[in-house]
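Open the structure in your viewer and keep the selection tool at hand.

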Amino acid sequence: MLSTVLVAILSIIAMIKTEEYGIFFEIEENSFLFDEDAIWNGKVDCLFSCSRMCARETLCKSASFLENEGTCSLHRETRTMHPDRLLQQQGSIYVEKVVSAKTPISLGTTQSSAVPSCQALLSQSPLPSSGVYWINPDGGSQANAFKAYCDMETDGGGWTLVWSYTFTNYGDFMDKSNAITPRPNWPVNSRNANVRISTTVPLKETDYNAMNFSQWKQLGRQVLIKSNINNWLVCHPGTGSLVDWQQGDVSCQIVKRVTDTCKERPAPSTFAPSRYGPVFSTNKLYYYFDGYTKSNWPVHDPCGENDGNHVTNVVNPHGNIFIR
Ligand SMILES: *[C@@H]1O[C@H](CO)[C@@H](O)[C@H](O)[C@H]1NC(C)=O
């Protein structure tokens, strides 16, 4: 006699313990397998312990639990292989292992399986590749989940792309007409940042758009800055934090060198929201996200000298910000 209630409970327990495979148990009450060649015999506190041991033991194909004695036997064989050895006894329980194929749980691949952020994908095994996934940063109903691009490689992965930008005058980089574009709807006065504002989630690194800035902090507080004209940085918040729009110290590391210029220079250590856009600096500027075409220019200086040391003559010059 099969008990479906017990089957359901046991399958949940076994699923937690096995990452790649779903293990289920068919249950036959008041039966046990007579087995003189058991893998293991011993005392257990309940049926769950017995079936869990069988789930973890690859050789185990079935198990018998004798309720009255509190004993468990793990078998290499099943009742199908030896129907004559399946004996009836009140209070005994025979369970048979059913291993399903790889579980089809692929988080973030559908709206209903949306994850809070790309960071949640790090729990998946094998690690998902970089690409577009469904996310639901506010954690509420999946109805407002949306697609976002995840970098699953840089510095351990788990990064959600929140902004892809290019420049208004890359060719004359240090001219005041040059600015990043578009800009996020961060709290810079529109009089001081006149480029297009985007609140459309970018789906790739050359999709020049930005996620609504007020959602960035729902994704995390670490910042990854990538660009094809300056070194890549990962910055951990200190007293300063980009997503909180808070001036202060940050702890940055260069995670990829795009240029050999100024190889000995450390990464910046301060974040500041400034008049035309935010800044990463140490005394002088490394990254300046200037969004104004009538003053200043968008520094991308690997030397941190507020100078024109960025890589020149690049096709599709751009940059990206990711949050984790
Ligand atoms: C950005 O998000 C905030 C908070 O969720 C919301 O109030 C605002 O309307 C959004 N802005 C845009 C332009 O979507």
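Select the ligand and its surroundings: N185, T199, N212 and S214 surround it, where a residue is near a molecule if its C-beta atom, placed from the backbone, lies within 6 Å of it. By class, this shell has four polar, no nonpolar and no charged residues; Ala, Val, Leu, Ile, Met, Phe, Trp, Tyr, Cys and Pro count as nonpolar, Asp, Glu, Lys and Arg as charged, and the others, Gly among them, as polar.

The model is predicted: local features need pLDDT of at least 70, side-chain atom pairs count only at pLDDT 80 or more, and totals for chains, interfaces and linings use all residues. Residues are numbered from 1 along each chain as its sequence is written.

Next, colour by secondary structure. The protein chain has two helices and 16 strands, these being DSSP runs numbered from the N terminus (helices H or I, at least four residues; strands E, at least two). The radius of gyration, taken over C-alpha atoms, is 29 Å for the protein chain, well over the 20 Å that the globule rule gives for 324 residues, so the chain is more spread out than a compact globule. That rule is 2.2 Å times the number of residues to the power 0.38. Along the principal axes, the C-alpha atoms fill a box of roughly 90 × 40 × 35 Å.

Now select A148, V162, L233, F280, Y287 and I323. Of the 54 residues in the largest nonpolar core, these touch the most other members. A nonpolar core is a set of buried Ala, Val, Leu, Ile, Met, Phe, Trp, Tyr and Cys residues joined through C-beta atoms within 7 Å; buried means that 20 or more other C-beta atoms lie within 10 Å of a residue's own. Strand β8 (residues 159-167) gives this core its largest share, six residues. A second, separate core has 17 residues, including I27, C50, C54 and I93.

Centre on I323. Beyond its neighbours within four places in sequence, I323 is in contact (C-beta atoms, placed from the backbone, within 7 Å) with residues including W159, V162, W216 and V243.

Move to W297, in the loop between β15 (284-288) and β16 (319-323). Is W297 buried or exposed? W297 counts as buried, with 24 C-beta neighbours inside 10 Å. Not counting residues up to four places away in sequence, W297 touches F173, M174, D175, K176, N178 and D290.

Definitions and conventions:
Buried ≥ 20, exposed ≤ 12 C-beta atoms within 10 Å, placed from the backbone. Contact = placed C-beta atoms within 7 Å.
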